[in-house]
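User: Hello! I would like to learn how to read charge pairs and helix packing in a model. Could you walk me through an example?

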Amino acid sequence: MEEDDVTIREQNFHSQVREYIICFLMFAVLYIVSYFIITRYKRKTDDVEDEDAVVNRISLYLCTFTLAVSGGAVFLLPFSIISNEILQSFPKNYYIQWLNGSLIHGLWNLVSLFSNLCLFVLMPFAYFFLESEGFAGSKKGIKARILETFVMLFLLALLILGIVWVASALIDNDAASMESLYDLWEFYLPYLYSCISLMGGLLLLMCTPVGLSRMFTVMGQLLVKPTILEDLDEQIYSIHLQEESLQRRLNGSSFHLTYTRPGSTLQLHKELDNVRNQRNKLERRKKASGWEKNLLYPMVMLILLSGTTISVLLVVFNILYLLVDETAMPKGSTDRGIVNTSLSTFGVAQAVLEIILMIYLMVSSLVGFYSLRVFQGLTPRKDDTTMTTIIGCCVSILVLSSALPVMSRTLGITRFDLLGDFGRFNWLGNFYIVLSYNMLFAVVTTLCLVRKFTSAVREELLKALGLDKLQLSNSPTDPESGKLSANGHQKTL
């Protein structure tokens, strides 16, 4: 009997060690990839080892940790879905016994814990530490900046706890809720993270439809469009003439600096850069192969259209399920095992489709996030992004990625139940919130797509009615092509 107990304890010990090693290896890969991504966009600084360099390095490590956690949140639900299907297909295979329910639940709990840690501790610490200079009258140095950072974090924690206390007291004023107001660990943190998840879900609801329509424009800029009834040689020749004309005007203005207005030279340089960009695009289109222009571009556009259509149809079906069946509501699971039944009707094929759609929605949400005018200031630039901007990007990506599993389950993209703290959000049990979320997503995405694909028709109608000149007179540049309009005083040849 004692030998059996020892054997069981040894098996549990080895299982725990194996899970820790797997989690560490996964996180190490995400951390390395995140470090290379951030260093690619981070502004290059001098190699002088001073106080600011140490602060920037610490903030860089914290941002890398946060971005790695965001990557883990993105791949959390896809990894769980494919693991469940593998275990369903090979339930007794010796080589995949490490892929069990305990590992999956452990990953969900770790991602939830690290998401809270990054969102409420590490990222505020990185920002305040980066902006701190030490209190007035104190000795300057790292210790003074750390002291100021902790004081700011303490004041921020008091402010957030006070806001949550007042909000919860106003919403739930019964006796049980009033008693739970004094429970920090069991009430405050889950309630606060539930509010953050709701904000992330609303942010995804705002960014994803915009990103789904914006993806067509982005891929159109990356790929070479088919050449239909166009003479590229004539266009390149015309662009060359414009470039030579602008170059002569710049050379002439350099010899007459005293008679040239300061703003005119800068304007000429901008015009020359626009003309050169147009020439490079035309030359790239001319050098592209036939299959790239006539086959790759239509295939990519069809794939994007199919993915968007399938996503909208799944949401529409989920709305119907919500109206007739209460089991369609998103819910959490406390079962330690995930090998019960296959959650995909068509097996592995449907699971792969769900994973592709979730990753596609995440990429679209990022594209839509940086396309919104409110968040365009956070757009990273290669080798020219400040640490403050990187911190803002990491926080935004963390909020979006943490809400991705909840959004995927709420919209009916997958039927996999939310595990860990992700299934304990208060708003997930509200039927009207979930139904409104689905309906808003379907309607807004459809409107964005209709607006995108009817833009060419609207432009032709405006030209036919003569209203396009009114739009051109309001702005000196054309946002799509970057060409100067009639008010931009561009010289035509």
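Analyst: Gladly! Keep in mind that this is a predicted model. Let's begin with charges: a search of the whole structure turns up two salt bridges.

User: What is the general idea behind such pairs?

Analyst: Side chains of opposite charge can pair when their charged atoms come close. Here, R43 and D384 form a salt bridge, with 3.1 Å from N to O. This pair links distant parts of the chain, 341 residues apart: R43 sits in the loop between α1 (2-41) and α2 (51-89), while D384 lies in the loop between α10 (348-371) and α11 (387-410).

User: With which residue does R381 form a salt bridge?

Analyst: R381 pairs with D384, and their closest N and O atoms are 3.8 Å apart. Through shared partners, R43, R381 and D384 are joined into one network.

User: How accessible is R43, and how accessible are D384 and R381?

Analyst: R43 is partly exposed at 36% relative accessible area. D384 is also partly exposed, at 32%, and R381 is partly exposed at 45%.

User: Now the helices: at what angle do α2 and α10 cross?

Analyst: Their axes come within 10 Å and cross at roughly 175 degrees. An angle over 145 degrees counts as roughly antiparallel, so α2 and α10 are roughly antiparallel to each other.

User: Which residues meet there?

Analyst: From α2 come V74, F75, L77, P78, I81, I82, E85 and S89, meeting V348, A351, E354, I355, M358, I359 and M362 of α10. The residues of this contact between α2 and α10 divide into 12 nonpolar, one polar and two charged.

Conventions
Residues are numbered from 1 along each chain as its sequence is written. This is a predicted model: local features need pLDDT of at least 70, side-chain atom pairs count only at pLDDT 80 or more; totals for chains, interfaces and linings use all residues. Side-chain values use heavy atoms; hydrogens and water are left out. A salt bridge is a side-chain nitrogen of Lys or Arg within 4 Å of a carboxyl oxygen of Asp or Glu. Helices (H or I, at least four residues) and strands (E, at least two) are DSSP runs, numbered from the N terminus. Buried means under 20% relative accessible area, exposed over 50%, partly exposed in between (1.4 Å probe, protein chains only). Axes are lines fitted to C-alpha atoms, for helices over the stretch in contact, and angles run from 0 to 180 degrees between N-to-C directions. Angles under 35 degrees count as roughly parallel, over 145 as roughly antiparallel, 65 to 115 as roughly perpendicular and the rest as oblique. Contact means heavy atoms within 4.5 Å. Ala, Val, Leu, Ile, Met, Phe, Trp, Tyr, Cys and Pro count as nonpolar, Asp, Glu, Lys and Arg as charged, and the others, Gly among them, as polar.
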